[in-house]
Amino acid sequence: MAIGTFCLVLHGHLPYVLRHGRSPHGEDWLFEAAAETYLPLLKVFDECAARGAPPAIALGLTPILLEQLASDVFRAGFRTYLEQRRARAAADRAAFARQGQADLAELATAWQDFYESGAAQFDEEGGDLCAAFARRTDLGLQILGSAATHAYLPLLAEDSAVQAQIRAGIASSTRLLGFAPRGFWLPECAYRPRGTWHAPIAWASAERYGIERWLGGAGVTHCFLEHRLVEQGRSTRVRHGKRWFAVEPGEADKYAGHGWRSVHELHAIDAGDGQPGQVTAFARDARICEQVWSGAIGYPADPVYLEFHKQHGGPGGLRYWRVSGKDVDLGRKDVYRREAVAGTVFAQAQHFCTLVRDRLRAERARTGRHGVVVAAFDAELFGHWWFEGPSFLRDVLLTLHADPDVEVATPEHVLEVRPPDKTLALPEGSWGDGGDHRVWADPRVHWMWDIEYRCESTFGRLTYELPWRGNTALADLLRKAGRELLLLQASDWPFAITRGQAVDYGIKRFVLHVSRFERLVDLCHKVAKGTDAATDASEGEVVELDAVERHAVADADLHDVVFPEIDLEWWSS
């Protein structure tokens, strides 16, 4: 019998980039991830299943990512991208052959095969990656939902905005996958409990519900948090049989053997309403995850692996060199040797599996209980940033599936067979630097929050005051404004600025969505002008948009080809 369970959680997310630039920032981000991560992951799932090891893992696909993958704009662009990359590889191969560089020519041939194979796989999936992932749930895959545009939920100013991001996200995933996810990836693992909310800028504080209230209300049963939040939680209830009993905050210290505050235990989140928590928290095991994440000891930094940053001919070129060493500059990188990779991948996968076993054995020795190790990573690390990453995942899953001491299961399955027997009141936090909100609340982005809060307030007032329920044209404009509000709330824009990555792009995209939002708001006021809130729209003055205004609406629809079925009730309590 297994002594514990291993849960692999991959968080797939990219900001909205379709029709908003190509390279170096824009659609190529999405195309690269699809070619180097999403298609290879599908292959890994199929291979594991074929070898008798069902891919019982959780894969988060954010709604804004699903919306893009489902778009005809993506399908056409991705096919063109794959052909362009194949042609570039063929040109490189010919050039290397002329120069007598047989080793590089061989690698160029491998790249040509890679993109040809990707194109064939994409066609086999019918060009529909959303459906492709949904089909793999029959193999054991669990797909997680998330906030609509990956908004940083703890910093949003109003509960209606948090609720709308969650409702919109679940609705989008349901429409595109065919089912409503019960597991939820909180963007940046960011959480805020019930209590007094303080904005990162000069803004009104308020008493707020915890985020778990809106998750539970949307049918979510579990989410994922950074280890610090569970380790710093306060014990509130314990379950004996089917009954829950209140306990003192010191219960966790008195009975540590019960698994209190352990990252290897499930805890229901206390909502502060006197009832057992509806939403269960899975905590990330930082010790396990650092084996992949850490720049000092992480596997992807091994010298034999493909170097991400050096590209032939400059940005956008193909990669032909290996990491070579941590202190080796780009100009001195050695040529990549494919034959040296498989053994290293396998050895590191075995090392990782040994660590998982050791963590579970230590938990069993400490508490006598069945522990759960959660390894959570950004999905795009595997294949895109770390080219050999999908092979590593395959070897880990095959190895652990054959280990009688370890159960490989989805979080949904774990929750079903081993529900939590204790609740914790949790602090605020995220998986960002310092475990708090500093990355997304940095002074360099305070101006963004000031604008975002004003947009939230404006939209809330419009949905309450304007008679959109009796005016089809007004409701349509208001829905388009809601789409822009969701897009400007993405956590990606402040992250890009704080991190110094694609700063200009982050500023441009945020300002663009704000501008469209404000323009649509103006048009909402104009259309609503002739409608009496107490009467049917047909009794009011018909207000027509002029040519410039119609163009503004059409331009927003042309560029922002996501969330076609927005429900204004998402913002209502």
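Where does Pro24 lie, between which strand and which helix? Pro24 is in the loop between strand 1 (4-12) and helix 1. The legends below describe this loop and other sites in a predicted model.

**Figure 1. The whole chain of the predicted model.** The protein chain contains 18 helices and 14 strands. Its C-alpha trace spans about 75 × 70 × 45 Å along the principal axes. The radius of gyration is 25 Å, which agrees with the value near 25 Å for a compact globule of 573 residues. Of the 573 residues, 58% count as buried. The chain exposes about 22800 Å², and carbon and sulfur atoms supply 51% of that area. Among contacts between residues at least 6 apart in sequence, 76% join residues at least 24 apart. The average pLDDT of the protein chain is 95, and 98% of the residues score at least 70. Residues 533-539 have pLDDT under 50 throughout. For that stretch the model has 4 contacts beyond four places in sequence.

**Figure 2. The cis peptide bond between Ser23 and Pro24.** Omega of this bond is about 5 degrees. Most peptide bonds are trans. Pro24 belongs to the loop that runs between strand 1 (4-12) and helix 1.

**Figure 3. The largest nonpolar core, around Phe74.** This core has 169 residues. Phe6, Leu10, Phe74, Phe78, Phe352 and Phe392 have the most contacts inside the core. Helix 1 (residues 27-50) gives the largest share of the core, 12 residues. Beyond its neighbours within four places in sequence, Phe74 is in contact with Leu18, Leu30, Phe31, Ala34, Gln68, Leu69, Phe122 and Leu129. Another core, of 16 residues, lies apart from the one described here and includes Ala58, Leu266, Phe282 and Val414.

**Figure 4. Helix 4 (residues 102-124) and its cover.** At 1.5 Å a residue, the 23 residues of helix 4 should span 33 Å, and the end C-alpha atoms are 33 Å apart, so the two values agree. The buried residues of helix 4 are Leu104, Ala105, Leu107, Ala108, Ala110, Trp111, Gln112, Tyr115, Gly118, Gln121 and Phe122. Their cover includes helix 1, helix 3 (72-98) and helix 5 (129-135). One of these buried residues, Phe122, is also in contact with Phe74. Just after helix 4, Gly126 has a positive phi of about 70 degrees.

Figure 5. Thr62 is in the loop between strand 2 (58-61) and helix 2 (63-69). His150 is in the loop between strand 3 (142-146) and helix 6 (159-177). Most residues other than glycine have a negative phi.

**Figure 6. Ser324, with a positive phi in a loop.** Ser324 is found in the loop between helix 10 (286-293) and helix 11. Its phi is about 70 degrees, and it is not a glycine. With a relative accessible area of 17%, Ser324 is buried, since the cut-off for burial is under 20%.

**Figure 7. Helix 11 (residues 341-367) and the glycine that follows.** Helix 11 has 27 residues. From the first C-alpha to the last, the helix reaches 39 Å, close to the 39 Å expected at 1.5 Å a residue. Gly368 follows helix 11 and has a positive phi, near 75 degrees.

**Figure 8. Val417 in helix 13 (residues 411-417).** Val417 has a relative accessible area of 42% and is therefore partly exposed. Val417 and Phe510 are 93 residues apart in sequence. In space, their C-alpha atoms are 44 Å apart.

How values were computed: Residues numbered from 1 in each chain as written. Predicted model: local features only at pLDDT ≥ 70, side-chain atom pairs only at ≥ 80, totals over all residues. Heavy atoms only, no water. Helix = DSSP H or I, 4+ residues; strand = E, 2+ residues; numbered from the N terminus. Expected span 1.5 Å × (residues − 1). pLDDT = per-residue confidence, 0-100. Contact = heavy atoms within 4.5 Å. Core = buried A, V, L, I, M, F, W, Y, C linked by side-chain atoms within 4.5 Å. Buried < 20%, exposed > 50% of the residue type's maximum accessible area, 1.4 Å probe, protein only. Rg over C-alpha atoms; globule rule 2.2 N^0.38 Å. Areas by Shrake-Rupley, 256 points an atom, 1.4 Å probe, with all protein chains shown as cover.
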